[in-house]
Structures are given as C-alpha cells and as structure tokens.
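Please look through the sequence and the structure shown here before reading on. The paragraphs that follow begin with a single residue and then widen to the packing around it.

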Amino acid sequence: QQNQPVERRQMELPEDLGKRSATLLLHEIHGGGCVDTSCQSFALLMMCLTPEDVSRIRLGPLSQYAVVSLRLYKEALGVEFKLRVVEEESSSGAGGDEDDSDDEDSYGEDGRRSRSQKTVICSCLGTGYRNMARAST
C-alpha cells in the first residue's frame, strides 16, 4: 500500500478556494430543498426506517446517487416513495447574475427577475424498523 504513488492536487490560492466554495454553496441554495445534494440518500434512508407513519421531505433536484438509492430502498426494504415535483417562483433583485440565460427568466410587474424553481417532495410510509439488539428499559 505504501508503494502506490500519492495523488497530489494542484495548489490553490485561498481567494480561488473561497470563490469556488461560495459558488458551490450558492448552487446548493439555489437548488432549494432541506438537505444538501450529497445528503439526499441518507435523509431518504432515515425516512424508510421511521415508524409506520408517513414521512415527507422537500429536496432540490434529485442527484443520480439519490435515484439509485431509491431503487435500492424499494428492492431491499420494500418502501416505495411518492415523488411530486413542485414549481415555485422565486424573485431576485435587479442586480442578479448577468451570465444567466434569459430563456428561464421572466420579469414580474415590479421589475424584479423571477425564476421558476423546481423542488421534489418525497413521501413514504416507514417500515417501523426497531433495533432488537438494544436493551430496553
């Protein structure tokens, strides 16, 4: 294991790292939803394991990993999710991003740019999983 070459990343200036981090954060915020894209599958798994009651969560655009996880949860746990796409309009000030394409944007009566934002509401019936190995009091 020690003989394998170590992959080195190119050094990055702190300013560039800050810009990249801010861009990624703004992209996640713009996507909407309650959890980060990388945590979608974990939140869906927790919904599968809840008591036998309906659970709901609002997510941004589903990642490919989350879609594969949904298929796995259906096969392994027998839990099917109901997915509903909700389209909301969000408005931003006139000083928004200038490099966005205008085909997605429309301007409201107040002159602000409004953009439709799609989120997905996922709901399922939990399996009621219990940890039988845990000592109960």
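In which loop does Leu-49 lie? Leu-49 lies in the loop between α2 and β1, where helices (H or I, at least four residues) and strands (E, at least two) are DSSP runs numbered from the N terminus. The model is a predicted one, in which local features need pLDDT of at least 70 and side-chain atom pairs count only at pLDDT 80 or more, while totals for chains, interfaces and linings use all residues. Residues are numbered from 1 along each chain as its sequence is written, and side-chain values use heavy atoms, with hydrogens and water left out.

Leu-49 is partly exposed, because its relative accessible area is 26% and buried means under 20%, exposed over 50% and partly exposed in between (1.4 Å probe, protein chains only). Not counting residues up to four places away in sequence, Leu-49 touches Leu-77, Thr-127, Gly-128 and Tyr-129, contact being heavy atoms within 4.5 Å. Leu-49 and Leu-77 are 28 residues apart along the chain, and their C-alpha atoms are separated by 8.8 Å.

Leu-77 also takes part in the contact between α2 and α3, in which Gln-40, Ser-41, Leu-44, Leu-45 and Cys-48 of α2 meet Tyr-65, Ala-66, Ser-69, Leu-70, Tyr-73 and Leu-77 of α3. The residues of this contact divide into eight nonpolar, three polar and no charged, where Ala, Val, Leu, Ile, Met, Phe, Trp, Tyr, Cys and Pro count as nonpolar, Asp, Glu, Lys and Arg as charged, and the others, Gly among them, as polar. Helix α2 (residues 40–48) and helix α3 (residues 64–77) pack at an angle of about 25°, with their axes 9 Å apart; the axes are lines fitted to C-alpha atoms over the stretch in contact, and angles run from 0 to 180 degrees between N-to-C directions. That angle makes α2 roughly parallel to α3, a description that applies to angles under 35 degrees.

Leaving aside neighbours within four places in sequence, Ile-57 is in contact with residues including Ala-43, Leu-44, Met-47 and Cys-122.

Along the sequence, the protein chain follows the pattern α-α-β-α-β-β-β.

Notes. Angles under 35 degrees count as roughly parallel, over 145 as roughly antiparallel, 65 to 115 as roughly perpendicular and the rest as oblique.
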